Amino acid sequence: MSSSLALPARGSRLAFLVVGLCWLAVLFDGLDMFIYGSVLPHLLATKTFGLTPDRAGDLGSYATFGMLVGALTAGTVADRIGRKKLMVACVALFSLASGVCALADSLAVFGLGRTLAGIGLGGLLPTAISMVSDYAPRGRGAIVIGLLMTAHHAGGILSAYVAKWLVEPVGWQSAFWVCVTPLLFAPVLARFLPESLSFLVAKGRTEEARALADRYDVELPATKSSVRQGAADRWNALVSLFRGGEWTQTLLYWLASFGGLLLVYGVATWLPTLMRAEGYELGSALTFVVVFNLGGIVGMLVAGRAADRFGAPRVSALWFALTAAGVFLLSVHMPMGVTMVVVFLTGVFLNSAQTMIYATVSIRSNPGDRATAVGWTSGMGRFGAVFGPWLGGQLLAAGHGDWGFTAFALAGLSSMVFIGIAALRSAKTTDTDTDSTEQELVAAH
């Protein structure tokens, strides 16, 4: 009896290890992602590199374009070389790219650094989501992914304080030097993060997988749920997302992800600048970044628990509706206290709405296809992520900064519609199918 009790305790040790290391990696991901938006008001005020709002929007899009490339290739590369190696490479890449930004003497070099950083940032997130999904307790996939994503917003909070404490007294370069420090974490990740068990089994490294499973007393994945091998089979992993009636759901998730990431990265890039345009001082504008990301942390925990109970698509649709309302209210100048509450609630709903799309795709994918499914959903959404920062810059350059929040709110409404339709289709499928479907979804964890 004591031995049976020990199994979950020892098995959970591996889950804690994987989630903990991935959490730190995503923390650094968030720091690097948000740092540009946090220093942007200073760059515009000092006209660094001759920066204007439209050029600033272009720079924001460079990073998100890199994220598009990273996200689209992450699943395929991870299924080929392993999720662990890819995560280590991504952390090293975006850390070194921040050093390029800190050393930049021209807008072109700075833009190159942000593009390279984006590739690492875009590759890390879907890979980390896939990794923790492999080790999440059954039935708890959404809450574990939500917990992981709190790290992204903790990185956003850290970026605001880095900008607040270092940019004025030391210079904007110092903020990017701080973003180089995660390079020291890459060897730690390489040493202690275990490889995906399903990947090891798929590659025929059964003894290595069994040794890891025995060490932590976790279940060895079945061979049939393994990651595919070979270029043709990896292509089949993508094609399988469109077989039968799956193509409709896949397109709905991709369209919802487009609007969601347009909203997420548009607001992440331009929130401090847009709030300054509304009449708030720089210190207050950076405080909004902190409050916004605190809301994001709360939202991830609340949404993950709600999604595990009511379904991620339904929660995501409701969250996007509330996000649209909150973002629109930010275009109205309100008392500081009211504005803080609106910013916090917007952070609660905005960030977790998009994450619940990833949770849905991850939970409902076969383990062998999970990295590809999440990577391509994230990748299609990155087109919106590229468009969002550019759109904000164009509106500001044209003197229509007050329309920025309205445009982002409309993007939230579009995502609500697409994910809402997906939720209705899911409800219909659940009502039509037998309990075996639910068992397949649980097994996909």
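This is a predicted model: local features need pLDDT of at least 70, side-chain atom pairs count only at pLDDT 80 or more; totals for chains, interfaces and linings use all residues.
Q: How many residues does helix α2 have, and what length does it reach?

A: The expected span of a helix is 1.5 Å times one less than its number of residues. Helix α2 (residues 53-81) has 29 residues and reaches 40 Å from its first C-alpha to its last, close to the 42 Å expected. Helix α2 also carries a kink of about 45°, centred on A74, where the bend is the angle between axes fitted to the seven residues ending at a residue and the seven starting there.

Q: Is R83 buried or exposed?

A: Buried means under 20% relative accessible area, exposed over 50%, and partly exposed in between (1.4 Å probe, protein chains only). R83 counts as buried because its relative accessibility is 1%, and its C-alpha is separated by 9.2 Å from that of L124, which lies 41 residues apart along the chain.

Q: How many salt bridges does a search of the whole structure find?

A: Side chains of opposite charge can pair when their charged atoms come close; the criterion is a side-chain nitrogen of Lys or Arg within 4 Å of a carboxyl oxygen of Asp or Glu. The search finds 3 salt bridges, among them D32 with R114, whose closest N and O atoms are 3.1 Å apart. That pair links distant parts of the chain, since D32 is in helix α1 (residues 2-46) and R114 is in helix α4 (residues 107-135), 82 residues apart. D32 is buried at a relative accessible area of 0%, and R114 counts as buried at 1%.

Q: Which residue forms a salt bridge with R210?

A: R210 pairs with E207, the closest N and O atoms being 3.0 Å apart. An α-helix has 3.6 residues a turn, so residues three or four places apart point the same way. R210 and E207 are separated by about one helical turn because they are 3 residues apart in helix α9 (residues 206-216). R210 is partly exposed at 33%, whereas E207 is exposed at 57%.

Terms used:
Residues are numbered from 1 along each chain as its sequence is written. Side-chain values use heavy atoms; hydrogens and water are left out. Helices (H or I, at least four residues) and strands (E, at least two) are DSSP runs, numbered from the N terminus.
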